[in-house]
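Please read the following account with the sequence and the model side by side.

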There are 4 protein chains.
Amino acid sequence: MDEREAEDILRSAPFHQFLDLSFSEYEEGHVEIAVPMREELLVNPDRDLVHGGIVASLLDIAGHYAVLSEVDTRVPTADFRVDYLRPASSKPFTAIADVERVGSNLAVADALVEQEYKGEVQTVALGRGSYGVSHVD
Amino acid sequence: MDEREAEDILRSAPFHQFLDLSFSEYEEGHVEIAVPMREELLVNPDRDLVHGGIVASLLDIAGHYAVLSEVDTRVPTADFRVDYLRPASSKPFTAIADVERVGSNLAVADALVEQEYKGEVQTVALGRGSYGVSHVD
Amino acid sequence: MDEREAEDILRSAPFHQFLDLSFSEYEEGHVEIAVPMREELLVNPDRDLVHGGIVASLLDIAGHYAVLSEVDTRVPTADFRVDYLRPASSKPFTAIADVERVGSNLAVADALVEQEYKGEVQTVALGRGSYGVSHVD
Amino acid sequence: MDEREAEDILRSAPFHQFLDLSFSEYEEGHVEIAVPMREELLVNPDRDLVHGGIVASLLDIAGHYAVLSEVDTRVPTADFRVDYLRPASSKPFTAIADVERVGSNLAVADALVEQEYKGEVQTVALGRGSYGVSHVD
C-alpha cells in the first residue's frame, strides 16, 4: 500500500486523531510515526509519565503500518507483545517499526518507541506482533 | 488497595476518561471494568470494528488493577501479551482480569475482553501481563 | 486428528522420547500430557529444579496437540509465550492445553503445566500460542 | 559472571548436554551459543525440520546467559516469547542474545536463532524474555 493511502487510513481513526499521529517515514517494510506530546497522554496531570496503554497502542499501530506497506490487504493484529524498558516522559516520541517476515498467512513486525532524554535518544519500549495477511503483492 | 482509592486513580487518567472506564466489580485479585461504546473507539466511523490498540489497552489496564487490588504499591506493567480472538464490534464491552500470582518482585495477571454477540457473551481478546511489584501486603 | 494418529506423531519425535511423553487425555480441543520425572530434566543434578526450556517446550507441545485434535493438517507454532509462576521441582507433572479459537489461518491455544506440591496441585507455568492452520475440518 | 563460571553452569545441565551446547562468544551483555546438528533435534527422523521446542529453549537459554553475563546472581526466566520466522533444517545453528536492559528487579534480553541456508545466514526464530535479577553488579 502506498503512503498516501496508508496516511488516509491512519488519519481516519478517531483514536489516531486523539493521539495526533502522522508518518515521519514510510518505506516498504519500515515506518516511523511521530507522536507529539499532549497532557492527555499522561497517566495523570500531576505525573510526568505517559500511559502504558498508549505506548503499547503505538507499537502495535507502527507494526501494523510496517506490514501494510508491504502488502495490499487488511492486516489485523493476531497477537502482540510489548516490553516496557523505561518510563516515557512528557516529550514528543517516535514509534518505529520494521517487518521481520511476510509469510503467506502471517507477518511479523518489530517495533520500538523512542524518546529524547537528556540529549540522547532512548528506547522506551519494544513491541513484536503477528499480523494476519491474506495475499501478498 | 481498596476500591475507592483505585477508582480515584482509574478516573484521574485522561486516557481512561477518553475511554469512560469504571469498575463494575472490584475484589481482591479480580476486577471487571465496564466500557461503554462510543464512535471514537472504532477503527473508523464507517466500520463496525473497535480499534485493536484500545482493546489491548483495556486488557493491560484490567490486569493492572487486578494486581493493584492485592498490593499497596505502584505496579508498572513490565511486559504484556494480547491475542485477538474475534473482532470487537460497536457494543458495550467488559474487561475482566484475575491475578495468577503475586511474587516478591513480579505479579502475573490474566485478562479478557468480552462482548455480547447475538445474545451470547463472547471473548474478544485475551491478555496476559507481568507487573512489577515492590512490596506486597 | 484422532488420538492414535496423534500418539504416533507424539512418539516419533526423539525430543519427545527424551521427555518420555504420552497422552493422559486426548479429546477434541483438549489434551493432557503426562511427564514422568527423570534426573535429565533438572537444571543440574544437584538442584531440585526442572529446566525452564523443558517446561516451555511442554507448554508448546501441549498447545500444538490441542489444536491438532481439532484439525486435520499440520499446525506449526507461529509464536508462543510462557509465564513461569513457580519453580517446577523433581516430581511428575502434567501439561494441559485447551484450544481458545480455531480460525481460517490461525488457532490460539492455552496451556499450563501443573505439579503436585505438598498434597495440592499447583500451576507451575502458563503458555499461550498461535498455531498456523491451513484448513479446518 | 565470567565466561568460565557461566560455561560450567551451561555444561552442567543434562538438557544442555543433550543439545551439546557451548559458547562461541561470551561478552558482557552478548552471548552466542553454537549448536551442532544431530538427528535427535529433528521433529522426526524422516523430516528435515528441527523441533520448535528446541528452538524456543535455545532462545531462552541464550537470553538467560546474556543477562547472566551482566549480573552476579541467578536470573530465572519470568516470561518469554518466541516467534518462528522460518523452519529450521538439519544444519548447525547459532543462538545469539543481547541484553536490552537490566533493571533493579528485571532484565530484558533479545535472542535469535540463525542458520546458514543456501550460502546465506537466515534468522530462523526470534525470542524476547524477561528475567528476574536480584542484585546487579
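In this predicted model, chain C can be laid on chain B with an RMSD of 0.0 Å by a turn of 180° and a shift of 0.0 Å along the axis, where the copies are superposed by least squares on the C-alpha atoms of residues with pLDDT of at least 70 in both. That is the relation of a two-fold axis. The same surface serves both copies, in that 93% of the contact residues of chain C recur in chain B. Of the residues of chain C, R81(C) comes closest to the rotation axis, its C-alpha lying at 4.0 Å.

Some conventions apply throughout: residues are numbered from 1 along each chain as its sequence is written, and chains are lettered from A and ligands numbered from 1 in the order in which they are written. Because the model is predicted, local features need pLDDT of at least 70 and side-chain atom pairs count only at pLDDT 80 or more, while totals for chains, interfaces and linings use all residues, and side-chain values use heavy atoms, with hydrogens and water left out.

The interface of chain C and chain B brings 15 residues of chain C into contact (heavy atoms within 4.5 Å) with 14 residues of chain B. The area buried between these chains, that is, the accessible area (1.4 Å probe) that two parts lose on being put together, summed over both, is about 1300 Å², and carbon and sulfur atoms give 48% of it. R81(C), L85(C) and R128(C) supply 49% of the area that chain C buries against chain B, more than any other three residues.

Across this interface of chain C and chain B there are four salt bridges, each a side-chain nitrogen of Lys or Arg within 4 Å of a carboxyl oxygen of Asp or Glu. R81(C) takes part in a salt bridge with D79(B), at 2.9 Å from N to O. Turning to secondary structure (helices, H or I, of at least four residues and strands, E, of at least two, are DSSP runs numbered from the N terminus), β3 (77-84), β4 (93-102), β5 (106-117) and β6 (120-132) of chain C each supply at least two residues of the side that touches chain B. The largest share of that side, five residues, comes from β6(C).

The contact between chain A and chain B takes 29 residues from chain A and 29 residues from chain B. Chain A and chain B bury about 2200 Å² between them, 58% of it on carbon and sulfur atoms. On the side of chain A, P14(A), F15(A) and H51(A) lose the most area to chain B, together 22% of what that side buries.

Two salt bridges are found across the interface of chain A and chain B. R81(A) forms a salt bridge with D79(B), the closest N and O atoms being 3.5 Å apart. Two or more residues of the side of chain A that touches chain B come from each of α2 (14-19), α3 (52-68) and β3 (77-84) of chain A, and β3(A) gives the largest share, eight residues.

β3(A) also pairs with strand β3 (residues 77-84) of chain B, in the antiparallel sense and over five bridges, where pairing requires that DSSP find at least two bridges between the strands. Within this arrangement, R81(A) stands opposite R81(B) in β3(B).
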